[in-house]
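Me: Please take a close look at one part of this model, the place where the two chains meet. I would also like to see how that part relates to the pairings and packing inside a chain.

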Protein chains: 2
Amino acid sequence: MTTAPPSHTELAARAAALDAEAPLADTRGRFLLPENVVYLDGNSLGPLPAAVPPVLDDVLHRQWGTDLIASWNTHAWWEAPVRVGDTVGRIVGAAPGQTLVGDSTSVQLYNALGAAAALRPGRPLLVTDPDHFPTDRYLTDSVAARTGLEVRRVRPADLHGLLAAEGDRVAVVGYSPVDYRTGELHDIAALTGAAHEAGALVLWDLCHAAGAMPVRLDALGVDFAVGCGYKFLNGGPGAPAFLYVAERHHEHWSPALTGWTGHADPFGLHDTYTPAPGIARGRIGTPPMLSLLCLEAALTVFDDLDLEQVRARSLSLTGFLLRCAGTLLDGLGFEPVTPADPERRGSQVSLRHPHAYGLVRALAARGIVGDMRAPDLLRFGVNALYLSHADVLRAVTCLREIVTTGAYDAAPERGAVT
Amino acid sequence: MTTAPPSHTELAARAAALDAEAPLADTRGRFLLPENVVYLDGNSLGPLPAAVPPVLDDVLHRQWGTDLIASWNTHAWWEAPVRVGDTVGRIVGAAPGQTLVGDSTSVQLYNALGAAAALRPGRPLLVTDPDHFPTDRYLTDSVAARTGLEVRRVRPADLHGLLAAEGDRVAVVGYSPVDYRTGELHDIAALTGAAHEAGALVLWDLCHAAGAMPVRLDALGVDFAVGCGYKFLNGGPGAPAFLYVAERHHEHWSPALTGWTGHADPFGLHDTYTPAPGIARGRIGTPPMLSLLCLEAALTVFDDLDLEQVRARSLSLTGFLLRCAGTLLDGLGFEPVTPADPERRGSQVSLRHPHAYGLVRALAARGIVGDMRAPDLLRFGVNALYLSHADVLRAVTCLREIVTTGAYDAAPERGAVT
């Protein structure tokens, strides 16, 4: 740390003070994180919760291995999509019976968007964010092409203008509360209210919000929401996604993927499809139970947590990260793109730098795991449940060290998995 | 065994002789089956392969737990859907690059059926089997309703008649080679040839065939196929499904579910969807890696197996089961519905009995695990890799015992999971 500037001492003292007062300091033990790693990529893949291995061992040997097919009943595998859905529901502010777990976010988006649009017949527009994660844009395009609708790509900041001009033509507004690249937080309440005032429905993609902050789906009157299980919910690589459909839409929503497990009487082997009541009609095929039960075990991390506290600590960490960057990286070619205003900040910090790729690789070689998004964003996901302010300072100090010593590959290259 | 008839001795001798000559007698050790269980439900959920637990332990602790996000590259998670697809491809007669693993059979059916129909524009008919597994029928109806096509439910035996009458109007014929209830085997070659002669495409659902018998997808010129990973492939509960698309369709097929992982350049974060070349455009969202890598480990069971031998032993076992039933259950109210002709028999034996549900439960209580299909079918899946002729005799002897002593609940009820 020979190149550390004088201000490092003050930042270290500040980190120690913040860590001492933090209410969630003991939750790190709920994760099996490798020693000496600062994991700032939990918004791509959450780490392994300690609760997972014993559960998976039981699922393998006692349930699948020993009880075999009977486990669908005796170990309540059959109910898992709805049961685990309710657990996710508690984390995103949904009363029971409105959230389902299964499939991928992409599949859920397709089903939800098509069903939402069909609830607003005569309205030809699907609104999405030009900066939305690609899969949201691709599936919006696909649904539109297959149903004769049009897509409007409008940033959340410009939604009011669009609604003023042609709000009565908008069927569904599909946004994410958190920009996956910049970490900017959009106002779910205001955007949902504006869409509703125009008579449209909303579909929120909560991939970068669920588990990182309180989301009040019921309270805000959200219509549809989806999200993945493997980022802030720590459900494992490619963990099943979730789908929320507000109860008021249960009678009429009609998913395109009419798989047998969503039938009202799946074992009756009926000739034609009769959708199950409620959220259960969102079930499609037989769910990947190992991944699903892994997610269920991972969610026990949240059993006793107050998401307001999680959010407060997350903001403290991201605020401190921005402060460290402002102090230690000043003049080194970085531009913070994540808003300084806490109300506009998700649970990540992104810094622009022309050598983002090389810097992220050099950081990883030193045990600081972040990621990058093409072409020039270093992205640091901040999970309040296992990161400390000291970790954040270590990460930024290390980044300063790498940049000032030129210890990175300056060749441009492409990035990693979302 | 006080009620065993005289013929039991001869059957036992025959079982011993058949087991002695069977070439696959040592493959049972590849599965962690509970002692004293005769597992005749591997066509609902294959048992736990011994190769799975150490792999999953590695995936959990070393890959996810320690290497975290880097595992997408360092442990080749990203390539898994195509890599495992090629492994399945070897089992179903597909050259590399045409088979993909992921999602559920239902999702794959939706994507495949829509894409197949679009390759035959101007032909308004989708043909399916009225006796097809429900999800196939429901998704055929859904695709038809959403694309303005019509569905014709025609049994395989009646396909020629339909094609003669309106073959030039048929876009896709979607069948299963094995009737999931009766175990009847349909002729993939003949039906594929007939459909092709009429200018239609075929979509085969191989759920009850893959891993149980040779399937020669390439050799027979099949267009599309799907199947699940959790029956005869033993990939675990809800294991990811597979999708086969013949290479000649790769340039033009266009799945509805345009998820980001099917993009030609998924990390380029492009504005619009450009499909990946080949089978990879069938990728949708991030796959459930635990379930997917579990399937990959399970498939090592097949590494050195000759599926012709598997099929021969399967036919020996199902033939012996029918013979045992004919001898030991004669006059006890059973009607075999699985064809006696080996060429028309899949890898299961179904018996009709008015008290199917109670009988299957009574069998399970005695360690003989089969299942039933409403309203009156006892269904015995026969997996040649871990069942012996002695097992089969034990099962039928036990069934005889239960029926003759009335030791079962005669109340009718509904059945279990496919």
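Reply: The model is predicted, and the account below keeps to what can be computed from it.

The contact takes 80 residues from chain A and 80 residues from chain B. Between them, about 6,400 Å² of area is buried, and carbon and sulfur atoms give 69% of this. On the side of chain A, W64(A), Y138(A) and L269(A) lose the most area to chain B, together 12% of what that side buries.

Polar and charged pairings are also present across the contact. The count of residue pairs in polar contact between chain A and chain B is 27. The elements that give two or more residues to the chain A side are α2 (52–67), α5 (105–118), α6 (134–147) and α10 (289–299) of chain A. By type, the chain A residues that touch chain B divide into 45 nonpolar, 25 polar and 10 charged. The salt bridges between chain A and chain B number 4. D271(A) forms a salt bridge with R153(B), with the closest N and O atoms 3.7 Å apart.

R83(B) forms a salt bridge with E296(B), the closest N and O atoms being 2.7 Å apart. This pair links helix α4 (residues 80–91), which holds R83(B), to helix α10 (residues 289–299), which holds E296(B), across 213 residues. R83(B) is partly exposed at 28% relative accessibility, and E296(B) is partly exposed at 23%.

R344(B) forms a salt bridge with E184(B), at 3.0 Å between the closest N and O atoms. Here R344(B) is in the loop between β9 (335–336) and β10 (348–352) of chain B, while E184(B) is in the loop between β5 and α8 of chain B, 160 residues apart. The loop between β5 (170–175) and α8 (188–197) also holds T182(B). T182(B) is buried, with a relative accessible area of 15%. Leaving aside neighbours within four places in sequence, T182(B) is in contact with V337(B), T338(B), P339(B), Q348(B) and S350(B).

The side chains of D223(B) and R248(B) also meet in a salt bridge, at 2.8 Å from N to O. D223(B) counts as buried at 1% relative accessibility, whereas R248(B) counts as partly exposed at 49%.

The buried residues of α12(B) pack against β11 (368–369), β12 (371–373), β13 (377–381) and α13 of chain B. Helix α13 (residues 389–405) includes V396(B), which is buried with a relative accessible area of 4%. Beyond neighbours within four places in sequence, V396(B) is in contact with L321(B), C324(B), A325(B), L328(B) and L329(B).

Technical notes
Residues are numbered from 1 along each chain as its sequence is written. Chains are lettered from A and ligands numbered from 1 in the order in which they are written. This is a predicted model: local features need pLDDT of at least 70, side-chain atom pairs count only at pLDDT 80 or more; totals for chains, interfaces and linings use all residues. Side-chain values use heavy atoms; hydrogens and water are left out. Contact means heavy atoms within 4.5 Å. Buried area is the accessible area (1.4 Å probe) that two parts lose on being put together, summed over both. A polar contact is a pair of N or O atoms within 3.5 Å; within protein, one must be able to donate a hydrogen and the other to accept it, and residues adjacent in sequence count only if both atoms are side-chain atoms. Helices (H or I, at least four residues) and strands (E, at least two) are DSSP runs, numbered from the N terminus. Ala, Val, Leu, Ile, Met, Phe, Trp, Tyr, Cys and Pro count as nonpolar, Asp, Glu, Lys and Arg as charged, and the others, Gly among them, as polar. Buried means under 20% relative accessible area, exposed over 50%, partly exposed in between (1.4 Å probe, protein chains only).
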